Amino acid sequence: MDQIKAKADQTLDTISTKTNIGKNPRDPLEGFNRVMFNFNDNVDQAVLQPVSRVYRDVTPGFVQTGVGNFFSNIGDVWNAVNNLLQGKVGDSASDFMRFALNTTFGLGGFLDIGSPAGLTKHKEDFGQTLGRWGVPSGPYLVLPVFGSSTLRDTVALPVDMKADLWSYKEPLYIRNTGTVIRLVDKRASVLDAGSLIEEAALDKYVFIRDAYLQRRAGQINPEQD
């Protein structure tokens, strides 16, 4: 019995060493995270990827661009609020101006008039705001469906969802239809990047985790890049 236990311990140690499971201090929940990652990956491959490929192949490019612009324009309001909360008054004013310009002269946001006018697109969320306020990120987490996150970003997620203007759209069937289109359009826009990751990464989980953590650190403290 002792020999079996010793052999099992040795096998687990070998797997841990080769896969680096549990070795990253930013990812103490790696066992759980990998389960969630595999679940999300299976859902993506079975549902999201096929639907997104069809959407990309049959939907005219200008329509896809318009859809992306429309939902991006809605997000500029929350971008502006977060920039203001972070003390970036100039960026906040720019975001509000982008929203006003694109909504008024860009057919409700389907056309991006702001970028050619010199109004830079920002992407801010409440997790970044908490980070700027000094709240530590906490451990890395993989959420069902939502994917990569941290403890801080997970706490901030309900605030971001509540602040999404589209979540108040009525009637309900229009809101739900738009939410699905938004998700599919977003996934379709990164299909090629996903293929590159599949081909290049020895461990896709580690690649995505490290890329996410590095990107979030850069978003919260861009001056340290």
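Q: How many salt bridges does a search of the whole structure find?

A: Side chains of opposite charge can pair when their charged atoms come close. Here the search of the whole structure turns up 18 salt bridges, each being a side-chain nitrogen of Lys or Arg within 4 Å of a carboxyl oxygen of Asp or Glu. Keep in mind that this is a predicted model, where local features need pLDDT of at least 70, side-chain atom pairs count only at pLDDT 80 or more, and totals for chains, interfaces and linings use all residues. Residues are numbered from 1 along each chain as its sequence is written, and side-chain values use heavy atoms, with hydrogens and water left out.

Q: Is Arg 175 buried or exposed?

A: Buried means under 20% relative accessible area, exposed over 50%, partly exposed in between (1.4 Å probe, protein chains only). Arg 175 has 19%, so Arg 175 is buried. Its salt-bridge partner is Glu 170, with the closest N and O atoms 2.7 Å apart, and Glu 170 is exposed at 52%.

Q: Which residues are linked in a network of salt bridges?

A: Asp 27, Glu 30, Arg 34, Asp 203, Arg 209 and Asp 210. Arg 209 and Asp 210 meet at 3.0 Å, N to O; Arg 209 is buried at 2%, while Asp 210 is partly exposed at 34%.
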